[in-house]
Amino acid sequence: MNDELWSEWTKLPIDSDELKKYQASKLKQLLIRCYEDSPYYKEKFDKANVNPYEFDDVTQLSQYPTFDKYEERESQAQSKEHLGHPLGMHITCDEKKVNRMSASSGTTGTPSFQGHSYTDRQIIFKHMARLADIAGIQPGDKVLMAGVMSMWVAGIPTVDALLDFGANVIPIGGLVGTAKVAEMIELTHPDVIICTPSFARILIKKCKNELNIDLPSMGIKKVFVYGEPGGSEAQIIKEIEEGFGGATLFDMAGGTGALNPIFTSCTEHDGLHFIAQDSTFIELYDRETNTVLPWQDGATGEFVYTALEREVGPLIRFKDGDLIQINTKPCKCGFPGIRIKILGRVDDMLLVKGVNVFPSAIRDLIMRFADQVTGNIKVMKTSESPVVAPPLHIKVECKGSLSLASKQQLDEKICEEIKRVLRFQAKLELFDEGELVMEYGPTGKVKLIENINN
Ligand SMILES: [Zn+2]
């Protein structure tokens, strides 16, 4: 471990008084900045009857209102209209301080934006250097970036941080396709590759079956994966490590609101280490009781993130939507602190051809035809796994009783829209109004997924 990269705060137990005191002072500065520099936050805090000047203990943060993706989207829609930029009404700095704008794809087709200042970028650099330290990556190592770049939030920012670290970055990006990436691997012989687990798996198959490229002999020693489940699943880890000729896989992750990446697995493949206690305040949140849970081994909940020093658009208490399980047992690798296991998206994520799809997003999209559909839909699945092979079978309830010709037309239009926006093929089954019986969970939430396996 390179001691210069790890502050004393990163080595303390997550519930230590010393760490909490440090985090409380950082939180107080952040809350006051939000209150003073953002009318949006001032109104939000006043409404919740909280006063940042009286903040002196981390437990007080639970009295502050949370933030989520819907609020973020709405705030960004408003800032487009009123401020002329898409960074949200919750921005706290001068727009001129923004050094980079990135976006997340957004499964409904509306991207959400993240701005980074020069200082924000330095924090990302710090996190990336820590990941490299855990993985044993050195400056000068060749790192081929095959994750999607463009404006994608985990794309260029990752490349930027690796450049700062001093890696020899080969920024090809995943959008060129597996064949081109394979060709570049053969030409450049990278030490490390970064991509999604799906991309890695397709690449392995393609090299073996179509391209006549011997991937195991290319000398790739480390595979960093991110962006979707898989990098912590034993079978997939094995497949990828073997496919790259005995490379070591590392699963990296982050949370919306943080300056990512802030989690990585190690050589033990037994959970993701939290590497950013000095820059990111996390709370384990119980959705049922609306309370913050103590740091207990095995506890599950949703993380709520607050980046302590973020300059552009800080998100106070951002509920990210991942279900997490806490592991407080010491890791064999010797790295201190908690580890996490990401159990899945709160929203019942589906994975169709490597693309994350949420049933709620499918419904949102189908509701674009609200003059002809009721909004009652059911996504049919044949196994418990989130991985679904296209075409995805979706039951859709129409308004009234449409003629056969109208139904056929509607069917085509919806399928086209799903293909265009969500990028997968659907197979629809259209019902007359009243014919599709919906199920509801114990809290009244409609079940949009039906498992037809059992
Ligand atoms: Zn470890």
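Let's start with two helices: the axes of H6 (residues 178–188) and H7 (residues 197–211) come within 10 Å and cross at roughly 80°. H6 and H7 are therefore roughly perpendicular to each other, a label for angles of 65 to 115 degrees. Thr 178, Ala 179, Val 181 and Ala 182 of H6 meet residues of H7 that include Phe 199, Ile 202 and Leu 203; contact here puts C-beta atoms, placed from the backbone, within 7 Å. By class, the contact of H6 with H7 has eight nonpolar, one polar and one charged residues.

This is a predicted model, where local features need pLDDT of at least 70, side-chain atom pairs count only at pLDDT 80 or more, and totals for chains, interfaces and linings use all residues. Residues are numbered from 1 along each chain as its sequence is written.

Helices are DSSP runs of H or I with at least four residues, and strands are E runs with at least two. The ones that come up here:

| Element | Residues |
|---|---|
| Helix H3 | 69–82 |
| Helix H6 | 178–188 |
| Helix H7 | 197–211 |

On to H3, where Glu 72, Ser 75, Gln 76 and Ser 79 are buried (20 or more other C-beta atoms within 10 Å; exposed is 12 or fewer, partly exposed in between). Seen down the axis of H3, these buried residues fall within an arc of 100°, so they line one face of the helix. Tyr 70 and Glu 81, on the other side of H3, are exposed. Cover for the buried residues of H3 includes helix H2 (39–47) and strand E2 (112–117).

Methods:
The expected span of a helix is 1.5 Å times one less than its number of residues. The arc is that of the directions from the helix axis to the C-beta atoms. Two residues are in contact if their C-beta atoms, placed from the backbone, lie within 7 Å. Axes are lines fitted to C-alpha atoms, for helices over the stretch in contact, and angles run from 0 to 180 degrees between N-to-C directions. Angles under 35 degrees count as roughly parallel, over 145 as roughly antiparallel, 65 to 115 as roughly perpendicular and the rest as oblique. Ala, Val, Leu, Ile, Met, Phe, Trp, Tyr, Cys and Pro count as nonpolar, Asp, Glu, Lys and Arg as charged, and the others, Gly among them, as polar.
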